Amino acid sequence: MVDYEEIFLNKIKNIKEEGRYREFTHFASLPGRLPYIMDCEKSREVIVWCSNNYLGMSQNENVVAAIQNSSIGAGGTRNISGTTKEVVELEQSLACLHNKEAALTFACGYLANQTTLSTLSSIIPDVVIFSDEKNHSSMIEGIKSGKRPKHIFKHNNVDHLKQLLKSVDKKIPKIIAFESIYSMDGDIAPLREICDLADQYNAITYLDEVHAVGMYGLHGGGIAEKEGLIDRVTVIQGTLSKAFGVMGGYIASSKSLVDVIRSSAPGFIFTTAMSPVLAAAAKASVEHLKSSNFEREKQKQVVKKVKNSLSNMGINFIPTETHIIPIIIGDPELSKRASKLLFDEHGIYVQHINYPTVPKGTERFRITPTPYHTDEMIEHLTESLVKVFVKLSISIACSC
């Protein structure tokens, strides 16, 4: 007889021995108190420094007010009863944000990537996929399930991408899939150069902007808007769960491409529609950030202050041009212990990031400042990091 429980227990045992067993932190939100959260186990307030709620829009008064007259559940898939007024208006707002003909919402960004890439792969005859080696798991899974030939190009390396494109007949359809901002390193893709190669080698472009929408560009349209390249990107995929502070994912593209995904993608057709209350909140957030630059500018100021403070305290981090500040520790057990010490002794929540989210040996903290982190909080963070790193003999606290 097969002992299934033994299989499961051994798998967990292996994960724990590798130092990458993950434990969830149980907390409650504190309305109006960002970036504080309530530690439910100890009934105390702690400061979050690793949230994807980049601009604090989850508690924006316009977003909160927008949900008052919406129902909770969608009631079914889009084909049955889920095409609510709120979802339709949200999609119109997103299409406008990205200057595209149409947009389509999904339950989450992962599903948007996985099902769109899989469907595009299945409906474009003989298509070949070109994927950045650091693309998100959702993109990788979508490409895999499409079961088409694929080439992986070195991260943000346009020369390698060009070599791979040249190896395939120009007449064969191609998709270049990449991200604008890579969440773990905080670096930006060479969008213009990739678009140039797409034009040269008869490819369409699929751009994941989940860590950029709301954050960059005059209206929060992402890096493509910031660099004036929206019209050159075939598909823009985004999320409503990060800078927009709500939940959900979407794509924006031509009317025909969106229509074919709507009509063909199992991950869309057979999934319950986005909740009307979430759609109403998301639309309010998108519309607010189209016209308000306050949150983006304030956040940039805080990011700069954090980077300066870390540098002044001798804490090494990956220099980026974005809001993401990675601090490499390089050891799963040390990063876990450092995270726990920060939480237990200093009231700071910075979740350690380990494999499989990042490669083994590059375990890290990922600091993401918001507009609501104060100068006092920044000083507290850097001083606490130094104390913890010294206590654990982590060498990146090099000035101490």
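Strands β5 and β6 run parallel and are joined by four bridges, with Ser131 standing opposite Ile152 in β6. Here two strands count as paired if DSSP finds at least two bridges between them. Helices (H or I, at least four residues) and strands (E, at least two) are DSSP runs, numbered from the N terminus. This is a predicted model, in which local features need pLDDT of at least 70 and side-chain atom pairs count only at pLDDT 80 or more, while totals for chains, interfaces and linings use all residues. Residues are numbered from 1 along each chain as its sequence is written, and side-chain values use heavy atoms, with hydrogens and water left out.

On its other pairing, β5 meets β7 in the parallel sense over four bridges; Phe130 has Ile176 as its bridge partner in β7. From β7, six bridges lead on to strand β8 (residues 203-208), again parallel, and Ile175 is partnered by Ile204 in β8. These strands belong to an open sheet of seven in the order β4-β10-β9-β8-β7-β5-β6, with mixed pairing. β4 (102-106) and β6 stand at the edges with a single partner strand each, so one side of each has no neighbour in the sheet. From one strand to the next the twist averages 20°; such angles run from 0 to 180 degrees between N-to-C directions, with axes fitted to C-alpha atoms, for helices over the stretch in contact.

| Residue | Bridge partner |
|---|---|
| Phe130 | Ile176 in β7 |
| Ile175 | Ile204 in β8 |
| Pro326 | Arg366 in β14 |

How many residues of strand β5 are buried? Five of the five residues (128-132) are, so β5 is largely enclosed by the rest of the structure. Buried means under 20% relative accessible area, exposed over 50%, and partly exposed in between (1.4 Å probe, protein chains only). Val128, Phe130 and Asp132 point one way from β5, and Ile129 and Ser131 the other way. In a regular strand the side chains alternate between the two faces of the sheet.

Helix α5 lies across β5, β6, β7 and β8 at about 160° to β7. Helix α6 (residues 158-166) also packs on the sheet, touching β5, β6 and β7, and its direction makes about 160° with that of β6. Contact means heavy atoms within 4.5 Å.

**Two loop residues**

Lys147 sits in the loop between α5 (137-146) and β6 (150-153), and counts as exposed because its relative accessibility is 74%. Asp185, in the loop between β7 (174-179) and α7 (191-200), counts as buried because its value is 14%. The Asp185 side chain makes a polar contact with that of Lys134 (2.7 Å); the term covers N or O atoms within 3.5 Å, and within protein one must be able to donate a hydrogen and the other to accept it, with residues adjacent in sequence counting only if both atoms are side-chain atoms. Not counting residues up to four places away in sequence, Asp185 touches Lys134, Ile318, Thr320, Pro326 and Arg364.
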